[in-house]
Each structure stands twice: as structure tokens, then as C-alpha cells.
Amino acid sequence: MKVRIVVTGMGCISASGNNVQEFTNNLFDKENGNTILPISLFTPDLHMTKIAAEVKNYTPESYFSATDRKQIDRYAQFALLTTDEAIKDAGIEINESLAKRSCVIHGTSIGGQETIEHCYQQLFEAGKKRAHPFTVPKLLPSSAASQISIKYGIKGPAFSTSSACSSSGHAIAMATLMLRSSLVDMAIVGGAEACITKGNFYAWDGLRVLSNDTCRPFSANRSGLVIGEGAATLVLETLEHALQRKAHIYAEIIGIGMSSDAHNIVQPLSEGAEMAMSAALIDAKIQPCDIQYINAHGSGTLQNDRVETQALHQVFGEHAKELKVSSTKSSHGHVLGAGAAVESIATIIAINKQQCPPTRNYQQADPECDLDYVVNQAQEAKITQAMSNSFAFGGLNTSLIFKKFS
Amino acid sequence: MNNIQTRLEGIISEYTRDDITQLSLQDNLADVGIDSLGLVEIIFDIEENFDINIPSEAECAERGFSFASYEDVVHIVTTLVKEKEK
């Protein structure tokens, strides 16, 4: 009999708001302030992409002391803040014995990018003889996991997962498996990314997948993805553990699916996405027709949205046209390593509100993207089971299924 | 106090415990709140400020350099600055 896993706390920071309440308002309300704006974190060169989905109104000094800021990169700051929110939300007290029976798995695609660039600037431009002593601990992609473990005294497994845009999807999947195997009773899981920097955008521009317009998933005139920054953390527990302490339960994780395209470093493959989704359905022991809402990967690139639609048709067959599918990347941008976690929270909120968040900025129908994408406005829907998908560069895929808890 | 000491006190006092208002030459760094992480940062700041290179732990041991007391640090910096000026 499979151990049931539930979500009891959530924390989120992104272009769509600095906590879960702001995130909810921004995602669902009709009058939504535009979250995809000209870049302010650095000055792009004339030929570079000029827009991004930055976190707004964030002053690190308000949350972290000077000493902390020397040790904690922006990406790990986001990870810590969302963990603070999630743990407070869960109302959980991490005593000595729970600390040993808990894990921290926090994904990222690149880790401390700001620190990496600053370090190289000091070396190559300023000709400084030595880097600051904490440069390495600060830039490591595992630093968020370390900082969370240190702050909350968590002594079970703690590490980072990295699979580009699926990093936090794999984090959630791994945590679910650990909880199911009774290795741990609680997991602090999620992802963080803060790579809106000149060097990183220089690299991304080379790939020619960034939009200079906005993020328009599934729209015929879509022109690429918009990089976002932020983090999301979820507190997961075994149902038994949650019930014992009378925790508030947001949703149950009933299925996880992982797969690899084994195909190409950037081009997606329908079969890979299909395999991840099918694996999640089998793991959840439900049929395709049991899903009502899908939070798509929906990055807004010509390729992804077309291939993803194809994969949805293959997996869901006749039921595909009954599905509500939306990409919330149109609101919060593509948060890369944090994407799956941010979007899982969007999916869980959708289940709790019984509303599908919209795919914003949709303008033109594309015959190759022919599903119901909940365009431009949130819609009420009876959602019992919802799926959140992430299909990353390099063909690394995760599919997570959440169920309304009763 | 000479110039080196003034500058050094400025650097080290950034890392001492809040209740420490003044440093005296005999003060043991550990006693005034400087742990190993603090020491690593002090060394970095010293190198930046004086444009000198603090040798590795092994070489420091060979040369009889210690970071135990404030006086020890003054000695190291004074020696290395003099060597640099030669």
C-alpha cells in the first residue's frame, strides 16, 4: 500500500509576487500588472534581449545582514525566503528528531550566477589578485540546500538536483520517492534561480530562443521564452505525519513521472514528453481522462509549444480537447531551475481555487496548437486532478500529478 | 600607533564582537570574537588593503607567522610590507 504524500506548506517569489498570496492574485486576477518588463538588473547591449521577468521590489538588505550577503547569493536568498514562508505556512516545528527524519532537495540550473560573474569580473577585468574567500561556497549550486539545512537544522539528506528547466521537478520527484520509502517523514523541496545577469544573457542570446516581445505560449506569433528569476519551496509530508499534527493539507502528490528524450541538446521530442506524462499517470494509477487541468511547460518557443501539444494529443487522445491547458510562464516567465516548483504551486492553487490560471498574452490561433489554453483570462473549472509538466533542454522531463485532498 | 596599525585596527574591528570597543596589542583574536571564517575574511581584507600576499599556512608556519594575537598580525603585515618595499 503506497505511502500517501501531501503538501502542507508553500512559499514562492517571482515576477508575479513576493509571496504566495501576491502570486495568486497576479496569476488569477483579470487586471494583472505586466510582469515581463525591460531588464533593470543590468544594462543590455543594443543587440541583446531587453526583457525579463524580474522579481520586483526586492531589497536583499531588508532580509539579510551584510555578513549573510557575503555568503548567500541572490539565488540562495530566494531559496531561503521561500523556505521561510513555506515552513511558517506549514506551521511545523522542526525538533531534533524530525530534523533527522527530514530532507532538503532544492534544484537549480546554474546556482550562484551573480557570484560567478562578479568573480570573473574581478579576475579578468579588475585584475584582482584574490577572490573573496566565500566565493566558492556562495556560487555552488548546492549552496541553497546547505543554507536551508543550516538555518533549519535539518540533518537528513540535503542536496541539489540539476536538470535545467526540470530541476525542481526532479527535486519534487526525488523527495516523493524518499517519503514513500519512509527514508524521511518530511521534505523541504523546491527550486531557485537568479540568473538575470549580463553574462548569462550573453550566453542565452547566442541560442536565439529569447523573445524581445513577451512570452506568448501557444500563440501563433510567439517568439521565444522570457527568462525569469525566483524560487518556490514546498513542505511535503507523509499523510500520516501531516494528520498526526493536524496540518492543513493543500493537495496530495499522487503521481510522478520522469523520462529523457535521448535525442538532442535543445530540440524537444514528443515521445520523451509522452513517456514522462504516461509514467506519472501509471504511478498515480489513474487514466488520462481523470486529469482536468494541465500546467504546461509552455515556454513560448515555436518548438516546445508545438511538440508539447503533439505529446498531449498522444497521451490524452480524445480527452485532450476536454483538457484545460495553460502556461503560467506567460505571467512569471521561465524560472528555469525553479520552474517546476513555481508551477506546481500554481497548479495546487488552481486545485484549491477550482480555477485555471490563464495563458496570458495569447493573440493568434496556431493550427498546430489546437487545445484549450485558457487564453488571457482565468476560468472556473472542476479540478480534482491536475498535472504540472516540465520539459527541459537536453531532453530531461518531469511530470507531476496533484490531487484535491478531501 | 603607526599607519599600519591604524589601518589594521580598522580592518580587524569589522569582525570583532559588538561589545569590543578597542583592540590592544596583546588581545587574542579568538577572545575578541574572531572565528576561523572571520580570520579568512580578515586575511582577504589585509591583502586587498596593503597589496601584499599572505603566504600559505605551511609557509606561515615556516616563517614563524602566527594569527593568534593582534600583535602577531601587526608583525606579519609590517614584515611583508617592508619586504615589498625592498
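**Close-ups of a two-chain model**

**Figure 1. Where chain B meets chain A.** In this predicted model, 11 residues of chain B and 9 residues of chain A make up the contact, with contact meaning heavy atoms within 4.5 Å. Local features here need pLDDT of at least 70 and side-chain atom pairs count only at pLDDT 80 or more, while totals for chains, interfaces and linings use all residues; side-chain values use heavy atoms, with hydrogens and water left out. Residues are numbered from 1 along each chain as its sequence is written, and chains are lettered from A, with ligands numbered from 1, in the order in which they are written. The size of an interface is often quoted as the accessible area lost when the parts come together. Between chain B and chain A the buried area is about 850 Å², and carbon and sulfur atoms give 51% of that. (Buried area is the accessible area, with a 1.4 Å probe, that two parts lose on being put together, summed over both.)

Figure 2. Side chains of opposite charge can pair when their charged atoms come close. Chain B and chain A share 4 salt bridges, each being a side-chain nitrogen of Lys or Arg within 4 Å of a carboxyl oxygen of Asp or Glu. One to look for is Glu48(B) with Lys128(A), at 3.5 Å from N to O. On the side of chain B that touches chain A, the residues split into 6 nonpolar, 1 polar and 4 charged. (Ala, Val, Leu, Ile, Met, Phe, Trp, Tyr, Cys and Pro count as nonpolar; Asp, Glu, Lys and Arg as charged; the others, Gly among them, as polar.)

**Figure 3. A salt bridge between Glu252(A) and Arg4(A).** Over all chains, the whole structure holds 24 salt bridges. In this one, the side chains of Glu252(A) and Arg4(A) come to 2.8 Å, N to O. The pair ties together distant parts of the chain: Glu252(A) sits in strand β8 (residues 251-260) of chain A and Arg4(A) in the segment before β1 (5-13) of chain A, 248 residues apart. (Helices, H or I with at least four residues, and strands, E with at least two, are DSSP runs numbered from the N terminus.) Glu252(A) is buried at 6% relative accessible area, whereas Arg4(A) is partly exposed at 37%. (Buried means under 20% relative accessible area, exposed over 50%, partly exposed in between, using a 1.4 Å probe and protein chains only.)

**Figure 4. Two salt bridges within chain B.** Asp51(B) pairs with Lys84(B), their closest N and O atoms 3.3 Å apart. Asp51(B) lies in the loop between α2 (36-50) and α3 (57-63) of chain B, and Lys84(B) in helix α4 (residues 70-85) of chain B, so this pair too links distant parts of the chain, 33 residues apart. Both ends are partly exposed, Asp51(B) at 43% and Lys84(B) at 45%. The other pair is Arg17(B) with Asp19(B), at 3.0 Å, N to O. Here Arg17(B) is partly exposed at 37%, and Asp19(B) is exposed at 53%.

Figure 5. Cys195(A) is in none, with its nearest cysteine sulfur, in Cys165(A), 10 Å away. Cys195(A) is also buried, at 1% relative accessible area. For Cys369(A), the closest cysteine sulfur belongs to Cys215(A) at 13 Å, too far for a bond. Cys369(A) is buried as well, at 3%.

Key
Disulfide = S-S within 2.5 Å.
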